[in-house]
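The sequence and structure come before the details.

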Amino acid sequence: MAKVLQRHLRQIWLDVIYAIFLRELKSKSSDKFGIAWSVVSPVVFIFMLSYLRGRMDGGDTHGIPTFFFMVYGMILVQFFMGLVASVSAAIKKNKPLYAFRQVQPISSILAITLFECLVKIFVILVIGVMCFILQFDIHISDPLSLLFNLLRVAIFSMSIGIIFSLLTCFVPEVDKVKDLLMRPMFFISGVFFSLQDVPQEYWPYLTWNPVLHAIELTRYAVYPQYGNAGVSDLYLNVFTLTSLGLALACYHISWKQAISR
Amino acid sequence: MILLENLTKYYPSTAGKQFVFENINFTFPRGKNIAILGSNGAGKSTLFRIIAGSEYPNKGQVRTELSVSWPVALATGVHPLMTGRENTRFIGRVNGVANLDDYEKKVIEFSELGKKFDLPVRTYSSGMRSRLSFACCISIDFDVYLIDEATSVGDLQFRQKAKTALLNKKNIANIIMVSHDLSELELFCDSAVILHEGQLEFYDNLKHAIDIYKGL
């Protein structure tokens with residue numbers, strides 16, 4: 001009969017996250033397009049929209065080629081929305097697996113976050129390769145800031161996802177409200193416009209949104225001449241840490257109740 | 001030995017908290033094959049799932065130094081879109097099986113799925129699904145197996161095979177079992193726990209326990 005290893009707690013966590021990750025991979029690749037579709041579909045969407053918009057006004061938006069202005073915005077907002085959507089379904093999705101004592105909801109959350117992040121990294125790489133082939137001039141003056149912004153978006157998106165995920169276990173209707181709340185994010189996060197285009201008296205209605213900060217700061221990081229008017233690095237940091245702390249605290253007090261319903 | 005310490009479990013409902021257990025302290029003795037007896041809704045399955053760690057008590061804890069299986073009943077954790085082999089490896093990974101290839105071989109042999117083992121579980125009949133999950137569980141070395149009417153899976157031939165496998169296990173491991181089939185309990189168990197009105201009572205002699213249970 002199969003022997004069972006005496007595993008260290010950390011090893012159990014890694015094994016479980018790896019197993020759920022593989023499972024996620026498998027269940028995504030059930031049709032003919034397979035896993036490739038998770039990458040191809042956003043790439044086509046981002047690329048087409050940015051390309052068209054870039055061709056239409058042909059030039060610069062506040063010192064950035066319009067194509068790249070759009071690309072960074074679209075990548076980040078899609079990253080945010082994709083991650084929130086999949087993480088907020090994460091606890092319920094793998095509910096049957098909690099029959100195994102080794103599997104806890106956090107493993108499911110982490111595995112799904114990891115999967116989603118990897119997909120987005122591939123999306124970014126593919127867009128990069130396409131730009132290279134089409135001989136667009138890729139210019140990144142501060143790559144570290146760019147990566148740091150991606151990381152912050154990943155963390156606060158996951159945190160928001162965790163909070164929604166817990167809430168839906170107690171109140172299923174939250175799911176519908178979440179859809180309603182997420183829909184305008186695409187339009188108010190500065191994907192299609194820059195905060196600099198908006199009259200200053202309206203800024204307070206937009207600058208609560210961390211995704212807007214992330215997008216504008218990323219554009220600033222790759223093209224410093226774009227400027228960072230109205231957005232703040234500190235706000236993004238504080239929001240990221242606060243949301244992560246809140247999400248983990250909520251998880252800690254409520255996960256057992258959340259899955260025993 | 002499995003210790004239940006100050007165990008409290010309730011389900012919230014519109015009519016207030018529905019208590020299944022309240023502040024229970026109990027010890028499942030070592031080296032016994034235990035039947036859990038109780039009427040419908042007494043909380044047998046809940047107790048079962050708490051021991052297995054599939055569900056968590058609202059207060060208190062379960063302590064044990066033994067390796068306990070997951071509750072083998074339905075097709076637990078089997079993903080319909082993955083093949084039998086992929087599901088087997090998933091369960092093996094989660095449970096920390098040392099040699100996955102070897103484990104895979106044992107499962108395929110025991111479940112008698114043959115070529116179907118490499119097809120998605122979606123295409124299996126319900127009997128085949130339970131055969132797969134039973135094989136996955138019985139092929140791992142646990143100290144305690146939690147069996148929830150599991151010998152009633154599959155066709156007559158497989159049922160016989162499951163029974164023999166479990167009887168063999170009895171010599172090296174222990175079984176905790178929930179079933180309404182008394183003859184089945186008599187076959188596998190030697191002692192019993194009666195669950196009545198939120199209280200647990202251990203009886204060393206199964207026959208004696210069944211008599212009391214019938215009189216309740």
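Predicted model: local features only at pLDDT ≥ 70, side-chain atom pairs only at ≥ 80, totals over all residues.

**Interface of chain B and chain A**

- On chain B, 36 residues are in contact with 31 residues of chain A.
- The two chains bury about 2,900 Å² between them, and carbon and sulfur atoms give 61% of this area.
- Five residue pairs are in polar contact across the interface, with both residues at pLDDT 80 or more.
- On the side of chain B that touches chain A, the elements that give two or more residues are β1 (2-13), α2 (84-95) and α3 (100-111) of chain B.
- Of that side, α2(B) supplies the largest share, with seven residues.
- By residue type, the side of chain B that touches chain A has 18 nonpolar, 11 polar and seven charged residues.
- The count of salt bridges between chain B and chain A is one.
- E86(B) and K26(A) form a salt bridge, with the closest N and O atoms 3.0 Å apart.

**Salt bridges in the whole structure**

- Over all chains, the search finds 17 salt bridges.

**A salt bridge within chain A**

- R152(A) and D233(A) meet through their side chains in a salt bridge, at 3.0 Å from N to O.
- This pair links distant parts of the chain, with R152(A) in helix α6 (residues 143-170) and D233(A) in helix α11 (residues 233-259), 81 residues apart.
- R152(A) counts as buried because its relative accessibility is 4%, under the 20% cut-off.
- D233(A) counts as partly exposed because its relative accessibility is 39%.

**Salt bridges within chain B**

- K9(B) and E55(B) form a salt bridge in which the closest N and O atoms are 3.5 Å apart.
- This pair also links distant parts of its chain: K9(B) is in strand β1 and E55(B) in the loop between α1 (44-52) and β4 (59-64), 46 residues apart.
- Both K9(B) and E55(B) are buried.
- D204(B) forms a salt bridge with K32(B), the closest N and O atoms lying 2.9 Å apart.
- K32(B) is in the loop between β2 (16-28) and β3 (34-37), and D204(B) is in the loop between β8 (199-203) and α7 (206-215), so the pair links parts of chain B that are 172 residues apart.
- K32(B), at 26% relative accessibility, counts as partly exposed, and D204(B), at 48%, also counts as partly exposed.
- A network of salt bridges links R85(B), R89(B), D101(B), E104(B) and D118(B).

Methods
Residues numbered from 1 in each chain as written. Chains lettered and ligands numbered in written order. Heavy atoms only, no water. Contact = heavy atoms within 4.5 Å. Buried area = accessible area lost by both parts, 1.4 Å probe. Salt bridge = Lys/Arg side-chain N within 4 Å of Asp/Glu carboxyl O. Polar contact = N/O pair within 3.5 Å; in protein donor to acceptor, adjacent residues only side chain to side chain. Helix = DSSP H or I, 4+ residues; strand = E, 2+ residues; numbered from the N terminus. Nonpolar A, V, L, I, M, F, W, Y, C, P; charged D, E, K, R; others polar. Buried < 20%, exposed > 50% of the residue type's maximum accessible area, 1.4 Å probe, protein only.
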